[in-house]
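Colleague: I am new to this structure. Please pick one part, look at it closely, and then show me how the rest connects to it.

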Amino acid sequence: MARQDTTPARSDLSSPDGPVRTCVGCRQRVARRELLRLVVGEQDGRPAVVPDPTGSAAGRGAHLHPTTACYELAVRRKAFARALRAAGGQGLPTDAVATYLTRVPDSRDRTPDPDA
């Protein structure tokens, strides 16, 4: 008797665009390159949620669309502490992320440069 494979299909975990991650704000699954990686780092000598735009910082990361709307959703849902599995994470400041998002324009809001 032939044995049937009962493991679920894993085709939803990768795409032609590369690895897929979930935004902690809106919970939408998109290509990793479209999201900003966040890690627990230091701000004024205390643990805080900080952006990791290069994606190279050590430790557990969470991903967020680089928009203020997704940031506000994540703050309201208290998603950073859960996603980063930070001990006592309810008090982790996220000011560094908010500051980063105000300095970096959202790539989806920009219109393509016709001369490029």
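Modeller: Gly 61 counts as partly exposed, with a relative accessibility of 26%. Buried here means under 20% relative accessible area and exposed means over 50%, with partly exposed in between (1.4 Å probe, protein chains only). This is a predicted model, so local features need pLDDT of at least 70 and side-chain atom pairs count only at pLDDT 80 or more, while totals for chains, interfaces and linings use all residues. Residues are numbered from 1 along each chain as its sequence is written, and side-chain values use heavy atoms, with hydrogens and water left out.

Where does Gly 61 sit? Gly 61 is in the loop between β5 and β6, and β6 covers 62-64. Helices (H or I, at least four residues) and strands (E, at least two) are DSSP runs, numbered from the N terminus. Set aside the neighbours of Gly 61 within four places in sequence. Gly 61 is then in contact (heavy atoms within 4.5 Å) with Arg 37, Leu 38, Val 39 and Leu 84. Ala 83 is another residue to look at: Gly 61 and Ala 83 are 22 residues apart in sequence, yet their C-alpha atoms are 7.7 Å apart in space.

Follow the contact to Arg 37. Arg 37 forms a salt bridge with Asp 52, and the closest N and O atoms are 2.6 Å apart. The rule asks for a side-chain nitrogen of Lys or Arg within 4 Å of a carboxyl oxygen of Asp or Glu. By this rule the count is one salt bridge. Arg 37 lies in strand β4 (residues 36-43) and Asp 52 in strand β5 (residues 46-52), so the pair ties together parts that are 15 residues apart in sequence. Side chains of opposite charge can pair when their charged atoms come close. Are these two partners buried or exposed? Both Arg 37 and Asp 52 are buried.

β4 and β5 run antiparallel, joined by seven bridges. Strands pair if DSSP finds at least two bridges between them. Val 40 stands opposite Val 49 in β5. Five of the seven residues of β5 are buried, so β5 is largely enclosed by the rest of the structure.

β4 and β5 form a hairpin with two residues between them. Asp 44 is in the turn. Its phi is positive, about 55 degrees, although Asp 44 is not a glycine. Asp 44 counts as exposed, at 77% relative accessibility.

Strands β2 (residues 18-22) and β3 (residues 29-31) run antiparallel and are joined by three bridges. Val 20 has Ala 31 as its bridge partner in β3. Six residues lie between the strands of this hairpin. Arg 27 lies in that loop between β2 and β3. Phi of Arg 27 is near 65 degrees, a positive value in a residue other than glycine.

Cys 26 comes next. What keeps Cys 26 from a bond with Cys 70? The sulfur of Cys 26 is 3.8 Å from the sulfur of Cys 70, its closest cysteine sulfur, and that is too far for a bond. A disulfide needs cysteine sulfur atoms within 2.5 Å. The whole structure has zero disulfides. Cys 26 is partly exposed, at 31% relative accessibility. Cys 70 is buried, at 7%.

Turn to Tyr 71. The rings of Tyr 71 and Phe 80 have centres 6.1 Å apart and planes at 40 degrees, so the pair is tilted. Rings of Phe, Tyr and Trp (its six-membered ring) pair if their centres lie within 6.5 Å; planes under 30 degrees apart count as stacked, over 60 as edge-to-face and the rest as tilted. The count is one aromatic pair. Tyr 71 is buried, at 12% relative accessibility. Phe 80 is buried too, at 5%.

Step back to the whole chain. The protein chain has three helices and six strands. Along the sequence the pattern is β-β-β-β-β-β-α-α-α. Of its 116 residues, 33% count as buried. Among contacts between residues at least 6 apart in sequence, 54% join residues at least 24 apart.
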